Amino acid sequence: MLERVSTGINGLDEILGGGYPKERTILIAGPAGGGKSTFGLAFLVNGILQEDEPGIYVSFDESLENVRADAQSYGWDLAALEEQNLLAMIDGYSERAGLKSGEKYTIQLEVDELLNELIRLIDSIGAERVVIDSITALALGLEGENTKRREILKLSAVMSALTCTTLMISEMRNDEEISRFGIEEFMAQGVITLKYQFGSTGRRSLQVRKMRGIKHSLIERPFIMSDIGLSVYPDEELYDTLS
Ligand SMILES: Nc1ncnc2c1ncn2[C@@H]1O[C@H](COP(=O)(O)OP(=O)(O)OP(=O)(O)O)[C@@H](O)[C@H]1O
Ligand SMILES: [Mg+2]
């Protein structure tokens, strides 16, 4: 039996029959505003608060200042968790944006540098959960499909060897394209998509597309983001009764 790790999303552990498979890499894919970053933070924050499992968040697409500020919308005080060395936030944004970083941990958009920093921090804070936001940004910096495959595989394999469960966030530009390069979903051991429907209903949804080694439902379910956190409803139809 695969050991499991709680997802931090209400209802998702139930859909997966206990949580993510431990020490694996899961791709979280969705459109702009689909809730991907918040989904990743919920995994880390709830891991710390409920399971005593420290975590690392790597941000390539947004300043950590903004990530911390946005997290307050859910009542999450990331800075307090950082001060207690339960959470480490790696700034991969400033250098890309041509800004001077005031952050404690800073890296360039480069896999080996990322890996070195992760290895160091996993050792120093005992992290068991890692979120890479986003793998799209990281892969964009790599030339050719072979290199992308090799580097993503390396990242996933090293995290697994260090007994970390990793979420890689992936940008979806349309409903058919789970990842930007069409390879990320093959490199990951699991894939979850977060979507929303345009128009008057504007409902969000979650679907487990793949989870190697686990029997799970493939049905798309309602997904709600609210002040009290993120929830998926395993027994509700997609466009049923929820508002
Ligand atoms: N307290 C809240 N309750 C419910 N929804 C919220 C709350 N705060 C923010 N949101 C929603 O979350 C969305 C942003 O979520 P998030 O940043 O996780 O998305 P994302 O998929 O990472 O987006 P991007 O592709 O831009 O990085 C906002 O567009 C807003 O609709
Ligand atoms: Mg985001």
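Biologist: For contacts in the protein with a separation of 6 or more, what share comes from residues 24 or more positions apart?

Modeller: First, a word on what you're looking at: it's a predicted model, in which local features need pLDDT of at least 70, side-chain atom pairs count only at pLDDT 80 or more, and totals for chains, interfaces and linings use all residues. Residues are numbered from 1 along each chain as its sequence is written, while chains are lettered from A and ligands numbered from 1 in the order in which they are written. Two residues are in contact if their C-beta atoms, placed from the backbone, lie within 7 Å. Of the contacts with a separation of 6 or more, the share from residues 24 or more positions apart is 64%.

Biologist: What is the radius of gyration of the protein?

Modeller: The protein has 9 helices and 12 strands, taken as DSSP runs numbered from the N terminus (H or I over at least four residues for helices, E over at least two for strands). For 243 residues the globule rule gives 18 Å, and the protein comes close to that, so it is as compact as a globular protein of that length. The rule is 2.2 Å times the number of residues to the power 0.38, and the radius is taken over C-alpha atoms. The value for this protein is 17 Å.

Biologist: How many of the residues are buried, as a percentage?

Modeller: A residue counts as buried if 20 or more other C-beta atoms lie within 10 Å of its own, exposed if 12 or fewer, and partly exposed in between, with C-beta atoms placed from the backbone. Out of the 243 residues in the protein, the buried ones make up 46%.

Biologist: Which residue in β12 is the bridge partner of F223?

Modeller: β11 is joined to β12 by a hairpin of 2 residues, and these strands pair in the antiparallel sense over 4 bridges. Strand β12 (residues 229–232) has an uncovered face, G229 and S231, and a covered one, L230 and V232. In a regular strand the side chains alternate between the two faces of the sheet. F223's bridge partner is V232.

Biologist: Which residues of helix α3 are buried?

Modeller: On the exposed side of α3 (residues 64–71) you'll find N66 and A69. What covers the buried residues includes α2, β4 (55–59), α4 (78–83) and β5 (87–91). The buried ones themselves are L64, V67 and A71.

Biologist: Is I56 buried or exposed?

Modeller: I56 lies in strand β4. Leaving out residues up to four places away in sequence, I56 touches A88, I90, L118, L121, A127 and V130. I56 has 24 C-beta neighbours inside 10 Å, so it counts as buried.

Biologist: How far apart are the C-alpha atoms of W76 and I228?

Modeller: W76 sits in the loop between α3 and α4, and W76 counts as buried because it has 22 C-beta neighbours inside 10 Å. Beyond residues up to four places away in sequence, W76 touches L41, V45 and A71. I228 is 152 residues from W76 along the chain, yet their C-alpha atoms are separated by 9.9 Å.

Biologist: Which element gives the largest share of the shell around ligand 1?

Modeller: Of the 14 residues around ligand 1, G33, K36, S37, T38 and M225 come nearest, where being near means having a C-beta atom, placed from the backbone, within 6 Å. α2 (36–51) and β11 (221–226) each supply at least two residues of the shell. The largest share, 3 residues, is from α2.

Biologist: What is the omega of the peptide bond from D133 to S134?

Modeller: S134 is in the loop between β7 (129–133) and α7 (135–140). The bond from D133 to S134 is cis, with omega near 10°.

Technical notes. Pairing = 2+ DSSP bridges.
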